[in-house]
Amino acid sequence: MSDVVERTLSALPGLLGQHEPGGGPGGAGGPGRASATSRLGSLIRSVTALTSKHEEEKLIQQELTSLKATVSAPNTTLRLMKECMVRFIYCEMLGYESSFGYIHAIKLAQQGNLLEKRVGYLAVSLFLHESHELLLLLVNTVVKDLQSTNLVEVCMALTVVSQIFPREMIPAVLPLIEDKLQHSKEIIRRKAVQALYKFYLIAPNQVQHIHDKFRKALCDRDPGVMAASLHIYLQMIKEDSSGYKDLTESFVTILKQVVGGKLPIDFNYHSVPAPWLQIQLLRILGLLGKDDPRTSELMYDVLDESLRRADINHNITYAILFECVQTIYTIHPKSELLEKAAKCIGKFVLSPKINLKYLGLKALTYVIQQDPNLALQHQMTIIECLDHPDSIIKRETLELLYRITNGQNVIVIVQKMLGYLKESKEEYAIINLVGKIAELAEKYAPDNEWFIQTMNAVFSVGGDVVHPEIPNNFLRLLAEGFDDGKEDNQLRMYAVRSYLALLEEGALYPQKFLQVMSWVLGEYSSLVTDVDPEVILKKLHSLLKKTFVTSETKAWIMAAVTKIASRTSCSKTVDKLLQEFSNSLDTCMRQHAFELKHLCEDKALMKNLLPFDASCNDMVVDASLSFLDGFVAEGLGRGAAPYKPHHQRQEEKLSQEKALNFEPYGLSFASSMSASGVTGRQSPTGLSFGSDTSGNSAETGHKETNSLKLEGVRKLWGKEGYLPKKENKVGKENEPQTVSCGSLLAGQVGDPPTLWSDQAASLPEEDKEKQQLASTLFVGLGSNAGVSLMGKMDTTTQKFKRKSKLNEAQNSEDVSDFQNSAALDFGPLLDTVPVNVEDYEGNIHTRLREASLCSSGIVEDNLGFETPQSLKTSGLDDRLSDSRPSQSSLFADSNIEIFQPSPSAQCESASKTQLVPSLPDELEELTHSEVVELCQSDALALYSCKVWTDDSLLLTVFLSNKTTSALSAVNLVFEEAEHFQILESPTYQFPVIEAQSVEHCQKCVCMDKICTQGVLSGFINYQSEMETHLEFSITLSLVDFIRPMEMTTEDFGKLWLSLSNDVKQNVKMSSSQDSLSAALNTLQQKLKLHIVDIIGNEGILACQLLPSVPCLLHCRTHSGMLALWFRSPCAALPDGLLYQCQKVMEES
């Protein structure tokens, strides 16, 4: 231990900033530094040398007394104050209160040099919390530091803001933090995004107006800023994914770049590129692709690549694989990906490592309702995990069994859960399992006897840690009954008999179980005619005498005695009970005895007050206290002061007291609505207790009898005072619809494997028992079983179905949907623009959707820009070859099949011959791209080619008729795009396309809104045997609309001074770019820039965005870096070109 302390003390001077310039052994301040370090070191050594807590308290109190005297002295320097503050921090870390030093920490943060402010801010962030009253003194300091030109001060202020600033102080700093999103330094932008993320968590309404800036942060040129923005997007998409579907391509592009290793090596962890960034993106994609086939289609390739590349045997790659599996099973299913994910889960489950086995069980639990066959494939492994020595493995196995529960295996699974419950000592595990067992018992109980016995075991073993919802739901189930009145009485009679038998045993039961027993006996003991009520009263009386029974439970027992006494003429036990408790020292018991005595004197009144089985009847309560209207009017007539609402009294109190009002001015409607969102009742485990029990049903039992029903009651008092003629209009809340996890994927399930009936004789006895257990646990999981699993939306009639009176009450409520229809516009620098295509359905029209070869190259356009003549054409064979995993892949195992396209498919694809279109002679001489296929059907193929003229982008579209008959009425339509515009008509009609021929049309395209890359979508309708509809999309980038701008150096200088929008950035030059001229030539070739002049290590370039928006670039090389400085009259153009330059420099 001593060597650890010595190493810590030796590192403290450097950590605390003691080594200042000029502060050597003989320099100024040398003795002060030695003194500061020695004082803190001496304190640490003294504390570590102590042997008791009492000695530590005494030493720390002495130290705090000394520190208090030092910081209160008027001649204490800031240097000494900094040293004292470090000792304050150490004392606070040991758990000793030193609040007298908080104000000095704020003062230190307000003044002094950087090192002193640094310690002050550190102390403030550790000492204060969000609701601390001294935070008000820090606002001006933070505002001043946010406006500082010193980067360190700005960083410190942003850090404190993101840690301890409350929602009331957000408006004071929010504009300054918004400005920091445009800061030239990456660390400032990153910390600004982190601060805004904190603001979104505590006050989302206050940052809604800057969502566009979040989008710009997502496309920031620094990966750290982009990664910080993902936290915000993950939170927003969790709340509402529909508003961010348009960003799916951007997230996919980012993930492809990360997986492809395009980020700096600093983001790697154990040779894995940015693993936490991958996990964030996978979670986002899973939320976006849920129940959305079109959005999910964009993700398939990158998910396949993520699975293939995670081939390093390290924990972080296992985490990535786990997230991939969850995402694959969350989005719209694709058979190939599901197969690979299933193999990955199997590899986890069969692993001898506990961590991997846990991951496999966790993933299996998540996907079991989509693919029950996975449980059948690994059923023997699951059986072995039930007896695993690790409690976490055993608990996760039980969670898996809970997910596969159905009416055929519920008895065995509940038995296993109860066995684990009796052995477990962890409170969390008990609460979790008790909720699950109660839910399964209610949903799949085979008979009344099993249900009551199971619930008795739950209450007995669960004890008093059982969540209150469980006994409440159980009592409500008994009170509401079922559709069959005869079955109601049978269940209640069996419950009464079982509780009488348990009370006969005289064992110690938990308090909640005794409360349940008391309520059931009080309500339904009269149904058991062969048992004398006097016997039941004696048992309850004996319980009241027990010392372990709490006062709350005694109140339940007294209520039960009162109900039973109302149905008997006279009872000696009741008389004896009244005699004992009328003089009890317990005031509550004395009160209950007093009430019971007076009720027994009037049996008619007692029967009217306590009718049989009336626990579900609504109580009409005059909540407005209208019976006091006469009394109130009388008092006002005598001059009494009128009633003042609470808010009015509060305002008067604040106006009289000259104090600061720390309450906010008001809460926005949107905030209140979101805070009171409509949520269903949930169990302690986060799952509802049965499909019929988790509604807005009335509570029963003791809780129900004391609850108020306010429907239909007049409201006579309000904030405005007495309201004689106003009625209370009670709004109706939304009722959430429970969507099960099983509805995510309704894939086909194969037949269950054979249960080894032929081999049973030759196996050991232990294996026979496991196989027999497996046959009972996994029954009903095959495709032919037709059994609904736990949690899946099913129409199967459950055992305990409630009466329809509550359902009618729930159905009568209006359900209103609150949907956020506000659409957020794209920021100017988003990487991709989604394809907005409507769905066409009908009996006559056939909708054909083919993957565009051009759209499949979006990522490559993002990662690096080729010359126009060398744009890639991705053929079918290339895509099939790219889909083959490498031999070093995780899936390249002898026990796992590797996806390989069939050779016959390749040969068939290669044997097909199509008419390959070519450009007309007048366009062939111009600069153009390759002809690429957009989409095709059995009759028609669509191709496109970009032609870059000096003043426009000419888009040439070819239509190839592959059939032997003519196609008539072929209509080509370009849809309206956000960033692009067709200069002429967006439609073109081909009257007829002859057999085996190619027709073409040309369209001029301009960029209407600047973006780095976007998509131009459209569709084709043509008439063959039937009317057919084909959709296509063409990817266009900013470079397509950039042209060289020739000018002289003098003209460049004049234009440079007239432009105001500029962007600066340093870009690292690669080894191939050993000179400025080589770097500029790269920019000239890839981005079509004109080199105006090169002087020494500086160069100037010019270009224009069609038709005539200039953009100038000044370049300078220093220390292997290329400093880029863009200027343009358009604010978004420099950012877009800078992004393109960065990608070109990285790829070259």
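Hello everyone. Let me start with a term: a residue is called buried when its relative accessible area is under 20%, exposed when that area is over 50%, and partly exposed in between, using a 1.4 Å probe and protein chains only. What you see above is a predicted model, where local features need pLDDT of at least 70, side-chain atom pairs count only at pLDDT 80 or more, and totals for chains, interfaces and linings use all residues. Residues are numbered from 1 along each chain as its sequence is written, and side-chain values use heavy atoms, with hydrogens and water left out.

First, the overall picture. The protein has 46 helices and 21 strands; these are DSSP runs numbered from the N terminus, with helices being H or I of at least four residues and strands being E of at least two. Of the 1148 residues in the protein, 49% are buried. The protein exposes about 56500 Å², and carbon and sulfur atoms supply 52% of that; such areas come from the Shrake-Rupley method with a 1.4 Å probe, and for residues only the protein chains shown count as cover. Now contacts, meaning heavy atoms within 4.5 Å. Among those between residues at least 6 apart in sequence, 70% join residues at least 24 apart.

Which of its residues are buried? They are Tyr102, His104, Ala105, Ile106, Leu108 and Ala109. As a reminder, an α-helix has 3.6 residues a turn, so residues three or four places apart point the same way. The cover over the buried residues of α5 includes α3 (53-72), α4 (78-93), α6 (114-127) and α7 (139-146). Just after α5 comes Gly112, with a positive phi of about 95°.

Next, please find Lys198 in helix α10, which runs over residues 186-202. Is this lysine buried or exposed? Lys198 is buried, because its relative accessible area is 11%. Leaving aside residues up to four places away in sequence, Lys198 touches Glu130, Ser162, Gln163, Ile164 and Phe165.

Now some backbone angles. Most residues other than glycine have a negative phi, and most peptide bonds are trans. Ala274 is not a glycine, yet its phi is positive, about 40°. You'll find Ala274 in the loop between β2 (272-273) and α14 (275-289), and it counts as buried because its relative accessible area is 5%. Ala969 also has a positive phi, near 55°. That alanine sits in strand β10, residues 967-974, and it is partly exposed, with a relative accessible area of 36%. And where is there a cis peptide bond? One joins Leu1106 and Pro1107, with omega about 10°. Pro1107 belongs to the loop between β19 (1098-1105) and β20 (1109-1118).

On to salt bridges: here that means a side-chain nitrogen of Lys or Arg within 4 Å of a carboxyl oxygen of Asp or Glu. How many does the structure hold? There are 29 salt bridges.

Let me show you a few. Lys340 and Asp304 meet through their side chains at 2.7 Å, N to O. This pair links distant parts of the chain, 36 residues apart, with Lys340 in helix α18 (residues 335-349) and Asp304 in helix α16 (residues 300-309). Lys340 is buried at 12% relative accessibility, and Asp304 is buried at 19%.

Arg497 bridges to Asp530, with the closest N and O atoms 3.1 Å apart. Here too distant parts of the chain are linked: Arg497 is in helix α27 (residues 485-505) and Asp530 in the loop between α28 (511-524) and α29 (533-544), 33 residues apart. Arg497 is partly exposed at 37% relative accessibility, whereas Asp530 is exposed at 54%.

A further pair is Lys545 and Glu580, at 3.8 Å, N to O. Lys545 lies in the loop between α29 and α30 (551-565) and Glu580 in helix α31 (residues 572-581), so this pair ties together parts that are 35 residues apart in sequence. There is also a network, in which salt bridges that share partners join Arg39, Glu63, Glu83 and Arg87.

One more pair to look at is Asn315 and Asn355: they are 40 residues apart in sequence and 8.8 Å apart in space, C-alpha to C-alpha. Asn315 lies in helix α17, residues 315-330, and it counts as exposed at 54% relative accessibility.
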